[in-house]
Amino acid sequence: MAHSPEFIETIVISTRIRLARNFASYPFPKKMDDAQAEDVVYLVGHGLGEFDSVDTFTKYDIKNLTPLQKAQLQEEYLISPALTKSKNGAAFVSKDRTISIMVNEEDHLREQYICKGFDLFKAYERISGIDDALAGMYDFAFDDKLGYLTACPSNLGTGMRASVMMFLPGLVWSGELKKFLPVLKAGGLTVRGSFGEGTGAEGYVYQVSNERTLGVSETDILSEMVRMTMTLCDLEIRARERMLATDEMQIRDRCLRSYGILTNCAVLGWTEFLDRMADVRLGAALGVFEVKDKKRFDEFMDDMRPTAFRINNGLVGESEELCDMLRAETASGALPTLVRVTRRKR
C-alpha cells in the first residue's frame, strides 16, 4: 500500500495531536471556583512564557471575546465549542496558529498542534515538546497504573487524541465507509464529522481519530493511526478508480458543472459553496482539474469560511444576502487562478 505523497495529499487534509492534562493540586474545571480557575490560566500563561521556545503565544480570554471572535477561532480549529461556554476559559495560540493551548475546558489543559498534510509523528513531537516543558515546571495529575488523570474516563491513560482530516468521496460513493467503521472501532479508532463529535461531514471531509487511550502507549496509538490511515487511503484510491470506471462522464460533468456555477453565479451561499467545492476537490483528485498552487487553494478554502469571510472583507454586521453576493464575486475571480480544467484524453 505504498502511495506517493502527492496522492496522499488528495486524501489527508490535515493532522492534529491533542493532549489532555490536569494540574495535580487543583480540582477538575467543573469543581473549581473562579479564583482557582484564574490561577490555572495564570500558571499556563506563565509557563508558556518561561521556557525557551521559538513560539510566542497570544492569550484569548473567552469571556472577553465577541461571538464573532469565538466563531473565527472555532473555524480555525483553535478552540472547541465546549470552551466557548466556559466562563473562566482561555486559549493561548501560537503566532503561526498551529498550536493552541485551551485552558479550563473539560480539563485544565487541552494542548494541540495542527499541521497541513499527513505527519502524525511530527505533530506529536511538536506538541509533546511543549507538554514536556510544562511538565518540568508543574505537577500534572498522574497515576502509575492509570496514567494521566482526566475529567472524562475516555481520556485516561495517555490523554492523547490523534486525528487526521480525510477527504473520502470515493468511500462515501461506494458505501464502503460505513462498512469499514467496525474495522476502525476494533482498532480503537472512530470516524466523526469535520468539527469532531456530534458534527456532520463537510464536503466528504471526515475526522478519523483514536478512541482508545488507556492501556496503550503514545507510540501504539500513532502506529495504529498510521496503519489505518494508509488502509483508508488505499480503499479510497481504489474507490475513486471504480468511480471513474463506472461513471467517468457523469462525474466529469458534475465536477465541471459545479466549477461553472462557482465561476459564473451571482449569489453563492456558504452551504452551496461547500457542496460545489467538494466537486471541484473531487475533480482535482480525479484529474478533471489541475490545482496550480495547493497552498493557495487551501488558503482560499479557509478564507471563504463564513466568519473569516465576513471579517476579512469588512462585512461584519452586513446581511447574508450581501455576503452571498460577494462570495460569488470572490469565487468567480479566484477559482480560475487556482484551478485549470484539463482536457479529456480521447
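Modeller: Helix 7 (residues 176-186) packs against helix 8 (residues 218-264) at an angle of about 165°, and their axes lie 12 Å apart. Here helices are DSSP runs of H or I with at least four residues, strands are runs of E with at least two, and both are numbered from the N terminus. The axes are lines fitted to C-alpha atoms, for helices over the stretch in contact, and angles run from 0 to 180 degrees between N-to-C directions. Helix 7 is therefore roughly antiparallel to helix 8 (angles over 145 degrees count as such). The crossing of helix 7 with helix 8 is right-handed, meaning that the near helix is turned clockwise from the far one by less than a right angle.

On the helix 7 side, Glu-176, Phe-180, Val-183 and Leu-184 meet Met-228, Thr-231, Leu-232, Leu-235, Ala-239 and Arg-242 of helix 8, where contact means heavy atoms within 4.5 Å. Seven of these contact residues are nonpolar, one is polar and two are charged (Ala, Val, Leu, Ile, Met, Phe, Trp, Tyr, Cys and Pro count as nonpolar, Asp, Glu, Lys and Arg as charged, and the others, Gly among them, as polar).

As for confidence, this is a predicted model, in which local features need pLDDT of at least 70, side-chain atom pairs count only at pLDDT 80 or more, and totals for chains, interfaces and linings use all residues. Residues are numbered from 1 along each chain as its sequence is written, and side-chain values use heavy atoms, leaving out hydrogens and water. The protein chain has a mean pLDDT (the predictor's confidence in each residue, from 0 to 100) of 91, with 94% of its residues at 70 or more.

Notes
Parallel < 35°, antiparallel > 145°, perpendicular 65-115°, else oblique.
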